[in-house]
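Have a look at the structure first, then read on.

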Amino acid sequence: MKNATGESFAKIILLGEHAVVYGQPAIALPVKSIRLTASLTDGTDQSIHSSFYTGSLQAAAHTDFAGIADLIAALLKHFNAVDAGFTLTIKSALPPERGMGSSAACATAVVRAFYAAFEQPLSRAQLLAWTATSEHAIHGNPSGLDAATTSAYRPQWFVKGQAPVPIQFPKNGTLVIADTGIAGQTKIAVGAVAKHLADDPDQTTASIEAIGQATVFAAKALAEDDLLALGTQMDHAQLALQALGVSNAALDQLIQTAKAHGALGAKLTGSGQGGCMIALAQNARDAQTIRQALTQAGATATWQYDFSEERTH
Ligand code: PMV
């Protein structure tokens, strides 16, 4: 086994969360300035160092790291190296449980590191198959969106069960991302929507379809550089997400603050019930104003993503 490193990025869902679980499209983007690396070095035992878990691979079985530990065990088996010694160091700038795809990013970087360490080529399909297994263990019934985006280098149009397609982003516009500081629980939020659907199928289906429609219109707005229309679709999606019961008071407050400070649109991102929100700003200067207002309103962290950066990569 060679020393090797794998990397991945934070992901932000621009539009389509929750509805994507029910077959609607979603648009998500990798945020390359927020990254995670997994580095493998030679070791005598099998040890892991990370902010999620530090200790032996074996002792990770009943911890929050169990899903990734199972993935590592499966990778070792795949490479006929169940007893190989290594030290795995994971460094992450992604806040966990904030809808940024932390677990998928971790799985992605770990798979990449092991394939590089065993000097094996890794296709995108193989990578997504590995991460799907660990995401199932961690999240229950994931759409695969997180894994597809944290391993991508461009914004993605995503439909469950289909290969993700890279899409073009506009020349201008800046997204502000803000953390409520409250952990979002993907499994619980996805379960809450499933319960809504069982209890009130008509209303819930209408909300899911409204999110799907907002995503389709947003893709058109992106292609036409129409930031106003994109903002409007973000607002529409947020109304439908509220109707699904996945927003909360902290998210609603940050969304209102962003809108009051010039955001063209604002919504939660990821599973909701905590986690992060996003706001669309006309330009970097407006984004700065919105970021300051969000921090004053209680956001525990904010980030910025200029669409123009995307075109230079
Ligand atoms: O909270 P996150 O980033 O894991 O987002 C989950 C996105 C959902 O649409 C709510 C679930 C899924 O599997 O797509």
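## Helices side by side

H2 and H3 sit oblique to each other. Keep in mind that this is a predicted model. The axes of H2 (residues 102-117) and H3 (residues 124-139) come within 9 Å and cross at roughly 140°. An angle over 145 degrees would count as roughly antiparallel, and that is why this pair gets the oblique label. As for handedness, H2 and H3 make a right-handed crossing.

Who touches whom here? On the H2 side you'll find Ser103, Ala104, Ala107, Thr108, Val111, Arg112 and Tyr115, and they meet Gln126, Leu127, Trp130, Thr131, Ser134, Glu135, Ile138 and His139 of H3. By type, the residues of this contact split into 7 nonpolar, 6 polar and 2 charged.

Now for another pair, H6 (residues 201-223) and H7 (residues 227-243): their axes also come within 9 Å, and they cross at roughly 165°. That makes H6 and H7 roughly antiparallel, with a left-handed crossing. From H6, the contact takes in Ser207, Ala210, Ile211, Ala214, Phe217, Ala218, Ala221 and Leu222; facing them in H7 are Ala229, Leu230, Gln233, His236, Ala237, Ala240, Leu241 and Ala243. The tally for this one is 13 nonpolar, 3 polar and no charged residues.

Here are the two pairs together:

| Helix pair | Axis distance | Crossing angle |
|---|---|---|
| H2 and H3 | within 9 Å | roughly 140° |
| H6 and H7 | within 9 Å | roughly 165° |

Is tyrosine 115 buried or exposed? Its relative accessibility is 3%, so tyrosine 115 counts as buried. Leaving out residues up to four places away in sequence, tyrosine 115 touches Leu75, His78, Phe79, Gln120, Pro121, Leu122, Gln126 and Trp130. Take phenylalanine 79: it is 36 residues from tyrosine 115 in sequence, yet their C-alpha atoms are 8.8 Å apart.

That leaves H1 (residues 66-78). What covers them? After H1 comes asparagine 80, with a positive phi near 50°.

Conventions: Residues are numbered from 1 along each chain as its sequence is written. This is a predicted model: local features need pLDDT of at least 70, side-chain atom pairs count only at pLDDT 80 or more; totals for chains, interfaces and linings use all residues. Side-chain values use heavy atoms; hydrogens and water are left out. Axes are lines fitted to C-alpha atoms, for helices over the stretch in contact, and angles run from 0 to 180 degrees between N-to-C directions. Helices (H or I, at least four residues) and strands (E, at least two) are DSSP runs, numbered from the N terminus. Angles under 35 degrees count as roughly parallel, over 145 as roughly antiparallel, 65 to 115 as roughly perpendicular and the rest as oblique. A crossing is left-handed if the near helix is turned anticlockwise from the far one by less than a right angle, and right-handed if clockwise. Contact means heavy atoms within 4.5 Å. Ala, Val, Leu, Ile, Met, Phe, Trp, Tyr, Cys and Pro count as nonpolar, Asp, Glu, Lys and Arg as charged, and the others, Gly among them, as polar. Buried means under 20% relative accessible area, exposed over 50%, partly exposed in between (1.4 Å probe, protein chains only).
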